[in-house]
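Please keep the sequence and the model in view while reading.

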Amino acid sequence: MTSTPARAPVSPWVLSAFWFGTAFHWLALLLILMPANVLDFVGEARKGSYVGLLTVIGAVMALVIPPLVGAHSDRTGRRLPYLKLGVGVNLAGLGVMGLAVALLDGMTGFWVYVLGFLLVQFGNNYATAPYSALIPQLVPVAQRGRYSGAMGMLQAAGQLLGALSAFALGQLQLPSITLFVLTAVMLLVPALVTMRGVPDDPVSATPQATQPAAHWTTLFAHRPFLWVFITRALFALGQYSVQPFLQYYNGDVLGQKDPVTSNSIMLACIIVASIVSALIGGRLSDRVGRKPVIYVAGTTMAGAALLLLVVPSFALALPLALLFGLGFGAFTSVDWALGSDAMPSERSFARDMGIWHVAFVAPQFIGGPQGVLLDWGNARAENLGYTLVFGLAAAFFMLGVVLVRNVPERVHGEGARQAA
């Protein structure tokens with residue numbers, strides 16, 4: 001188990017500000033803009049397959065970049081230069097995507113849109129791995145639940161603001177490029193807060209660890225890391241099985257005439273509930289351990305996903321969205337603390353957090369086959385595709401709940417002893 005600094009030199013809200021902007025960014029892009037834009041580019045019959053294609057393309061970038069950039073960040077002992085460059089490229093990609101929507105159409109517009117999305121993914125992932133190293137690097141073990149909870153709360157708040165902004169812009173009937181501009185602003189401003197408030201002295205920011213950094217191929221022999229990686233991947237598989245298609249679910253299953261607006265309302269319900277549970281879950285995990293919070297969170301999300309298949313109306317789906325949000329917020333509040341606890345070496349925080357982050361981004365590949373499965377099932381029976389996709393999501397959540405039992409208790413226990 002790694003040692004940690006005696007105290008964290010930065011506020012949890014400043015440290016986590018970038019996640020606020022990133023959460024706004026990804027909610028607006030993945031759940032609001034991309035489904036609507038792809039539908040305009042490719043048409044109704046191919047919408048699921050092409051949204052799935054975008055998630056696969058993005059997953060390739062997210063799979064490769066964070067470990068490589070993280071390893072380079074560990075060698076230089078710096079974090080913020082990577083954040084600055086990554087945010088710049090991310091903003092350029094948003095510009096390309098927005099211009100494709102505003103000026104082009106058909107498959108030509110779609111492929112320019114894809115180019116912009118590649119820049120977005122490259123820039124965001126270039127920033128993520130070095131930034132992800134800051135919690136295990138700067139935060140004492142006994143406080144990681146609180147910091148992870150603050151991160152989860154700010155992430156949920158960013159998502160809520162993204163959903164509300166999309167709803168408001170939809171009511172005003174403003175063009176999509178307006179939301180692209182707002183997304184760029186909401187990514188940049190919180191990034192500046194973090195960059196100005198977090199120390200980037202390579203001597204003081206990099207722990208003076210005595211243990212050598214393990215080769216990356218040996219990471220999975222470290223049992224805490226292995227099981228945290230596996231269980232995080234399963235929860236991400238559940239999330240990405242449903243997330244890209246929630247807007248289509250509102251239109252096809254719930255019969256909403258304006259699925260973009262109804263999707264924004266449903267997302268707002270999920271996020272409001274997750275804000276409530278995020279800070280509570282993080283603090284609670286510092287007292288009772290990480291795993292009990294995961295058990296409750298995963299079971300709640302699985303149950304809500306299954307009940308959404310049989311709910312007869314949009315009005316009744318909203319309480320289930322709240323229920324799912326309570327589970328999602330609790331999981332998010334513990335997620336980073338659990339991952340930080342499992343890091344085997346202080347000399348490779350950014351690299352190892354980048355590899356751990358793969359467990360979250362690699363499951364984006366599921367969007368490809370799930371999109372095909374959605375279209376295949378719906379072509380054979382009314383809404384059969386949604387039954388298959390949502391059912392698989394629930395199965396992934398429950399498998400994650402079962403397997404998180406394998407994470408050694410000593411990961412939290414050692415943190416508790418250090419705090420004593």
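## Basis and overall make-up

Helices (H or I, at least four residues) and strands (E, at least two) are taken as DSSP runs and numbered from the N terminus. On that basis the chain has 18 helices and zero strands. The model is a predicted one, in which local features need pLDDT of at least 70 and side-chain atom pairs count only at pLDDT 80 or more, whereas totals for chains, interfaces and linings use all residues. Residues are numbered from 1 along each chain as its sequence is written, and side-chain values use heavy atoms, with hydrogens and water left out.

Burial is judged by relative accessible area, with buried meaning under 20%, exposed over 50% and partly exposed in between (1.4 Å probe, protein chains only). Of the 420 residues of the chain, 59% count as buried. Accessible areas come from the Shrake-Rupley method with a 1.4 Å probe, and for residues only the protein chains shown count as cover; the chain exposes about 15700 Å², of which carbon and sulfur atoms supply 68%. When contact is taken as heavy atoms within 4.5 Å, residues 24 or more positions apart account for 86% of the contacts in the chain with a separation of 6 or more.

Helix α8 spans residues 176-197, and its 22 residues reach 33 Å from the first C-alpha to the last, close to the 32 Å expected at 1.5 Å a residue, where the expected span is 1.5 Å times one less than the number of residues. The buried residues of α8 are L179, F180, T183, A184, M186, L187, P190, A191, T194 and M195. They cover an arc of only 170 degrees around the axis, which puts them on the same side of α8; the arc is that of the directions from the helix axis to the C-beta atoms. An α-helix has 3.6 residues a turn, so residues three or four places apart point the same way. The cover over the buried residues of α8 includes α1 (12-15), α2 (17-42), α4 (80-103), α5 (106-132) and α7 (144-171).

The face of α8 turned away from its buried side carries the exposed residues V181 and R196. V181 also belongs to a nonpolar surface patch of about 460 Å², made together with V185, L188, V189, L192 and V193. Such patches consist of residues with over 30% relative accessible area and no salt bridge, with like charges joined within 9 Å and nonpolar side chains (Val, Leu, Ile, Met, Phe, Trp, Tyr) within 5 Å. V193, which lies in α8, is partly exposed, with a relative accessible area of 39%.

S16 is found in the loop between α1 and α2 and counts as buried at 0% relative accessibility. Leaving aside its neighbours within four places in sequence, S16 is in contact with Y131, Y147, A150, M151 and L154. Q239, in helix α10 (residues 223-242), counts as buried at 16% relative accessibility and touches F328, F360 and F397, not counting residues up to four places away in sequence.

A salt bridge requires a side-chain nitrogen of Lys or Arg within 4 Å of a carboxyl oxygen of Asp or Glu, and by this rule the count comes to one. The side chains of D74 and R79 meet in a salt bridge at 3.2 Å, N to O. D74 is buried, with a relative accessible area of 15%, and R79 is buried at 4%.

V56 has its place in helix α3 (residues 47-76) and counts as partly exposed at 22% relative accessibility. The C-alpha atoms of V56 and V361 are separated by 9.9 Å, although the two residues are 305 residues apart along the chain.
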